[in-house]
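Good morning. Please have a look at the structure on the screen, and then I will go through a few parts of it.

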Amino acid sequence: RRSFVGRAGRMGHKAGSEKKVATARFQYKIAALMLSKVERAQADRPLAPQQTKAHLSKRKKSRMSSIDRPLQVVSFATELGWIAVAGAGSTIKHLVFGYPSRAAAWAALESMVAAPVQAGNWWPSLVERLRDYAAGSPVDFRDVSLDLDHLTPFQVRVIKHCRAIAYGKTRSYGELAALAGSQRAARAVGNTMALNRFPLVVPCHRVINSDGSIGNYSGVDGQRTKIRLLSMERSLSAPAPHKRSARKRTARGKSLSHA
């Protein structure tokens with residue numbers, strides 16, 4: 001009977017992991033469909049022919065290089081669940097987090113990467129920084145190189161300004177759209193955040209609705225994860241009470257009581 005219960009528990013845990021992976025895949029596909037050609041046309045500034053040609057050439061070279069060699073993948077446990085990162089050299093291609101096991105994180109990553117992958121001890125310093133962030137340290141990832149060749153020029157600007165949002169701070173989708181040069185493209189900003197391949201490193205959880213409500217989140221566990229990240233950052237970034245002023249108030253209270 002005990003073996004049956006244990007086996008049933010393991011099967012339930014496996015089913016839960018598979019459900020989270022399937023949900024993440026579905027959310028990613030829906031977000032991709034929402035980012036329509038019309039929105040891209042409205043959001044992007046027109047490029048000169050030579051700029052367009054150079055951009056397409058760069059994307060082609062990037063695709064060719066990814067075909068030539070497999071991506072390095074590292075997966076590790078953190079206080080925010082299992083994280084898996086894929087990349088080449090010192091550039092990140094994909095990152096997923098919040099999964100209950102290494103296998104679940106790998107499955108989610110492989111479903112998004114259109115290239116062969118191999119496991120390895122890749123970029124240990126980044127692994128340490130991500131672990132520190134997950135444990136509550138205010139880590140800044142703006143120096144980390146990202147592969148943005150799949151994005152339009154407008155989306156690249158959105159990612160750039162999103163990375164500039166400080167730890168413990170937030171901006172609205174509309175504010176980010178204005179900073180990226182298209183004030184009315186808040187929805188396109190939301191879709192860009194939903195398709196973010198680099199959560200945590202690109203802190204899309206810091207982008208909220210203009211009315212102060214939390215907004216959507218396409219990561220594992222959706223809004224609950226977004227609320228957890230924002231709560232963690234705000235609690236650490238809040239200024240601690242000044243001890244000296246507290247002593248002054250105590251001293252003042254004593255003098256008044258003696259009077």
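In helix α5, Leu126, Val127, Leu130, Tyr133 and Ala134 are buried, where buried means under 20% relative accessible area with a 1.4 Å probe, protein chains only. Helices here are DSSP runs of H or I with at least four residues, and strands are runs of E with at least two, both numbered from the N terminus. Seen down the axis of α5, the buried residues fall within an arc of 125°, so they line one face of the helix; the arc is that of the directions from the helix axis to the C-beta atoms. After α5 comes Gly136, with a positive phi near 110°.

This is a predicted model, in which local features need pLDDT of at least 70, side-chain atom pairs count only at pLDDT 80 or more, and totals for chains, interfaces and linings use all residues. Residues are numbered from 1 along each chain as its sequence is written, and side-chain values use heavy atoms, with hydrogens and water left out.

Now the core. A nonpolar core is a set of buried Ala, Val, Leu, Ile, Met, Phe, Trp, Tyr and Cys residues joined through side-chain atoms within 4.5 Å. The largest one has 43 residues, and Val85, Ile92, Leu130, Tyr133, Met193 and Val201 have the most contacts inside it. Its largest share, five residues, comes from α5.

What is Ile92 in contact with, leaving aside its neighbours within four places in sequence? Its partners include Val85, Trp122, Leu126, Phe198 and Val201, contact meaning heavy atoms within 4.5 Å.

A second, separate core has 15 residues, among them Trp106 and Val220.

Key: Buried means under 20% relative accessible area, exposed over 50%, partly exposed in between (1.4 Å probe, protein chains only).
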